[in-house]
Amino acid sequence: MTNAIRSWVKALSGSGLIGLALVVFWLLIAIIGPFLAPYDPGAFVAHDVFASFTGAHLLGSDYLGRDVLSRLLSGARYSVGLALAAALLASTAGIALALLTAVSPRWLDEGVSRFMDTLISIPSKIFSLVLVAVVGSSLPLLLLVASITYMPGSFRIARSLAVNLAQMDYVQVARCRGEGAAYIAIREILPNMIHPMLADFGLRFVFIVLLLSGLSFLGLGVQPPDADLGSLVRENISGLGEAAPAILMPAIAIATLTVGVNLLIDALPGRGRRMAGKE
Amino acid sequence: MAGPATRGLLATALPLIGKRIASGMLTLLLVSLVVFFIAQLLPGDAAQEMLGQAATADAVAALREKFGLDRPAPERYVRWLVGMVTGDPGYSLVANMAVSDVIAARLPNSLLLAALSALVSVPVALTIGILSAMHRDARLDRGLNVATLSMVALPEFLVATLAVLVFSVQLRWLPSIALIPPDASPWLILRSLAMPILTLSVIVIAQMARMTRAAIIQQLSQPYVEMALLKGIKPARVVLTHVLPNAIGPIVNAMALSLSYLLGGAIIVETIFNYPGLASLMVNAVTSRDMPLLQACAMIFCTAYLLLVLIADTVAILANPRLRNR
């Protein structure tokens, strides 16, 4: 197992390695970040607001004199965790629906596909804004909004894979053996679409990080007292004129996370390379 | 040019284009159903929202009747749809104005921003994409690949804040807010729009350049390219006169998809720079839960997106050499 991982890492290009390092770094921060925080993220600890890098506050202080590093470490947990959960939900739901349509009667397949095509033709940010206006922006609802927004895209890719796989000889053989639709979908088709769908999952994750931080930046995402990286940029926007680290650091944090995932996916062999991009 | 050939092209292309238009209209109709349905999920209605919790039941009922909110949902949907098509998408409860008036004040600003951004980004993206494809897997291509790959994943607000830091805080060249006085000269308009355009372009260029590169590389593997190269034609000439016309369909498609991204990206950019466009209007509509305004904005964005896709499809059909020779 470790050997397999080692050879997999060795096969990555230089930019792929950078991507991998960034992804691992942010996953670690999301898990242990809050324990590393030097201060309570909600406490007013600095004497002046929008202070620059100092020994006591490595990344300066924010608009209320809170420690930026501590807030960033706890904000990363929201950004990474929410996006991970939403991407997982979107991909799982998309794959499940795609498998269902691949083995179901034609009318159901066409109905579901037409509906998903309709959802895809609504620009994702617009769609999520309409959803947020209606359901509000508590954490579970944000998760739901993000996964509903990006599920149709995942469905479309999973469906085209599943439809092709359903024509393969081994699937025909299974059908002749008299296997049920559920067996064919889960044991014959699903294992062969996992790899491309993993790359797609990474892309969904990037889109969702950007979407959620964008919503938070607009004040429509994660609500105070909770704060993800997008909220940190928003609350410190008045420090822009002073070039405060409080506004730059969270924005750079988001960028390293999303760029890292993108570089890693691009370095994956095969399908991932062609798919990397936005929306 | 020969008349019969043009007529033949039209005869084969028109039905195809007509089909695309019909399918686009159907999609738009379905989108309007989805948008209307989602808006119905909002607990309470506009009349209740407008009058507040303290309103008497009579007052709410009267207002409901005035706006037709007491009708069944299908009837309201048809009314709303007819209103959208005939240019009367309802009444904005928060702005206390007709939605069409609110939008009319903002739409030209958004179109101006999108048009200028497209004007900047399309030539740059084409150049990067072509250069990249011609030097495939060479150092230049790999560098550009990592650069564009990183650029597509940047959040708009990072690009925008960096632009403000560099151009208005450090260099003091440009204003950090894109407010245009009504009697501004074209030069002043350009100056105040420079940073929003720059921000939007950075993200769109990366996307467009990647797709252009892919389209050209796909063509470069065709036998006719090898033939042209073997005949001794210079690679630059092969790309410009042989490959580009053949890749025009996929490239226009890439442009349309990326430009549609301008719609979504504009939401953040307009907000940061306080630009009075349609996207920031939509954000306000979300904050104030002004559903008629929100629905109208959403439909405009969806229509614009479908229109771009339709244009791309049409160009792809017209540029298809197989169709031309039939």
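Biologist: What is a salt bridge?

Modeller: A salt bridge is a side-chain nitrogen of Lys or Arg within 4 Å of a carboxyl oxygen of Asp or Glu. This is a predicted model. In it, the side chains of A:Arg159 and A:Asp109 form such a pair, with N and O 2.9 Å apart.

Biologist: How many salt bridges are found over all chains, and how many across the interface of chain A and chain B?

Modeller: The whole structure has 13; two of the kind are found across the interface of chain A and chain B. One pairs B:Arg210 with A:Asp266, where the closest N and O atoms are 3.8 Å apart.

Biologist: Which elements of chain A touch chain B?

Modeller: Those that give two or more residues are helix 4 (106-120), helix 5 (124-135), helix 8 (181-217), helix 9 (229-235) and helix 10 (245-267) of chain A. Helix 10 of chain A gives the largest share, 11 residues. By class, this side of chain A has 31 nonpolar, 11 polar and six charged residues.

Biologist: How is the size of an interface given?

Modeller: Often as the accessible area lost when the parts come together. Here about 4100 Å² is buried between chain A and chain B, and carbon and sulfur atoms give 77% of that area. The contact takes 48 residues from chain A and 49 residues from chain B.

Biologist: Now the packing of helices. At what angle do helix 3 and helix 8 of chain A cross?

Modeller: A crossing is read from the angle and distance of the axes, and from its hand. Helix 3 (residues 68-102) and helix 8 of chain A cross at roughly 145°, their axes coming within 8 Å, and the crossing is right-handed. Residues in the contact include A:Leu84 and A:Leu88 of helix 3 and A:Met193 and A:Phe201 of helix 8. The classes are 19 nonpolar, two polar and two charged residues.

Biologist: What is the hand of the crossing of helix 11 and helix 12 of chain B?

Modeller: That crossing is left-handed. Helix 11 (residues 278-287) and helix 12 (residues 291-319) of chain B pack at about 145°, with axes 9 Å apart. Among the residues in contact are B:Met282 of helix 11 and B:Phe301 of helix 12. The contact has 12 nonpolar residues, no polar and no charged.

Note on methods
Residues numbered from 1 in each chain as written. Chains lettered and ligands numbered in written order. Predicted model: local features only at pLDDT ≥ 70, side-chain atom pairs only at ≥ 80, totals over all residues. Heavy atoms only, no water. Contact = heavy atoms within 4.5 Å. Buried area = accessible area lost by both parts, 1.4 Å probe. Helix = DSSP H or I, 4+ residues; strand = E, 2+ residues; numbered from the N terminus. Nonpolar A, V, L, I, M, F, W, Y, C, P; charged D, E, K, R; others polar. Axes fitted to C-alpha atoms, helices over the stretch in contact; angles between N-to-C directions. Left-handed = near helix turned anticlockwise from the far one by under 90°.
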